[in-house]
Amino acid sequence: MENYNQTSTDFVLLGLFPSSRTGLFLFILIAFIFLMALVGNLSMILLIFLDIRLHTPMYILLSQLSLMDLNYISTTVPKMAYDFLFANKSISIIGCGIQSFFFLTMAGAEGLLLASMAYDRYVAICFPLHYPIRISKRVCMLMITGSWIMGSINSCAHTTYILSIPYCQSRSINHFFCDVTVMLTIACTDTTVYEYTVFLSTTLFLLLPFIGIAFSYGRVLLAVYRMNSAEGKKKACSTCSTHLTVVSFYYAPFAYTYLRPRFLRTPTEDKVLALFYTILTPMLNPIIYSLRNKEVMGALRRVTQRISPVKM
């Protein structure tokens with residue numbers, strides 16, 4: 001067994017960008033995506049807050065999704081940019097624990113929230129008369145609170161574990177953030193049992209919600225097929241296809257990464273897949289929901305007219 005240094009508290013994040021023009025191009029591209037994600041998600045949160053017509057469970061859930069995405073991308077990209085600009089890739093074990101905690105909290109909470117949004121659309125389309133009762137604002141707040149709390153509890157358990165195990169002298173993390181599963185590769189202790197808990201968490205927070213989403217949209221598609229109104233079919237399909245697009249970008253690479261055994265994973269593949277659920281999805285969510293949603297575009301026009309200078 002390798003020796004390990006219990007006094008050193010620093011890890012080294014090897015990062016995503018190579019020291020070349022390609023690395024500079026990737027850095028500029030990701031910085032641009034980060035800015036788009038910030039502007040898009042902040043705009044969505046502000047728009048839903050300012051327009052009273054969007055104060056419905058569907059859009060309250062959407063505002064929470066934007067808030068989670070905002071925190072999600074802010075957990076990884078600023079540190080990655082700092083490392084590239086200042087050539088300082090070290091991170092303390094406490095810093096790694098904090099980054100891991102927020103990342104896992106957002107990941108788990110967003111997985112549950114997306115399932116809640118699917119249930120919201122299922123009730124709205126399949127049981128429209130019961131919608132005000134089944135998805136009241138109280139129920140909506142319970143779903144949001146439950147997502148945050150369960151995500152935090154799960155994250156706290158995993159973060160506590162990675163902060164308590166010994167690490168080898170080679171403390172290089174071949175990733176651009178403190179990913180729990182990658183940190184296990186440099187641990188100087190047997191982590192086989194813990195890896196099963198990672199699999200269990202992934203099942204609870206990703207696989208089961210995805211099954212729930214698939215069931216909800218299966219019922220939705222059946223209800224849409226039975227609709228007599230062509231306009232109703234078009235509106236329902238538009239709303240559901242929007243959500244399914246978001247779900248695909250988020251769940252597929254995430255589940256593929258964390259449900260595979262360690263010996264089937266490669267650092268390069270993990271980094272590429274992580275780009276989808278940590279950087280691309282937070283940027284795409286507000287774009288997808290705003291461009292393909294007439295109510296959001298209408299709210300944007302109303303708010304813009306309200307705050308724009310009065311014409312002379």
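Modeller: Quick note before we start: helices (H or I, at least four residues) and strands (E, at least two) are DSSP runs, numbered from the N terminus. This is a predicted model, where local features need pLDDT of at least 70, side-chain atom pairs count only at pLDDT 80 or more, and totals for chains, interfaces and linings use all residues. Residues are numbered from 1 along each chain as its sequence is written, and side-chain values use heavy atoms, with hydrogens and water left out.

Colleague: OK. At what angle do α2 and α3 pack?

Modeller: About 155°, with the axes of α2 (residues 57–86) and α3 (residues 93–126) 9 Å apart. Axes are lines fitted to C-alpha atoms, for helices over the stretch in contact, and angles run from 0 to 180 degrees between N-to-C directions.

Colleague: Roughly parallel or roughly antiparallel, then?

Modeller: Roughly antiparallel, the word for angles over 145 degrees.

Colleague: And which residue classes make up that contact?

Modeller: The contact of α2 with α3 has 15 nonpolar (Ala, Val, Leu, Ile, Met, Phe, Trp, Tyr, Cys and Pro), 5 charged (Asp, Glu, Lys and Arg) and 6 polar residues (the others, Gly among them).

Colleague: Switching topic: where does Ala 87 lie?

Modeller: In the loop between α2 and β2 (90–92). Ala 87 has a positive phi of about 50°, although it is not a glycine.

Colleague: Is Ala 87 buried or exposed?

Modeller: Exposed, at 68% relative accessible area; buried means under 20%, exposed over 50%, partly exposed in between (1.4 Å probe, protein chains only).

Conventions. Parallel < 35°, antiparallel > 145°, perpendicular 65-115°, else oblique.
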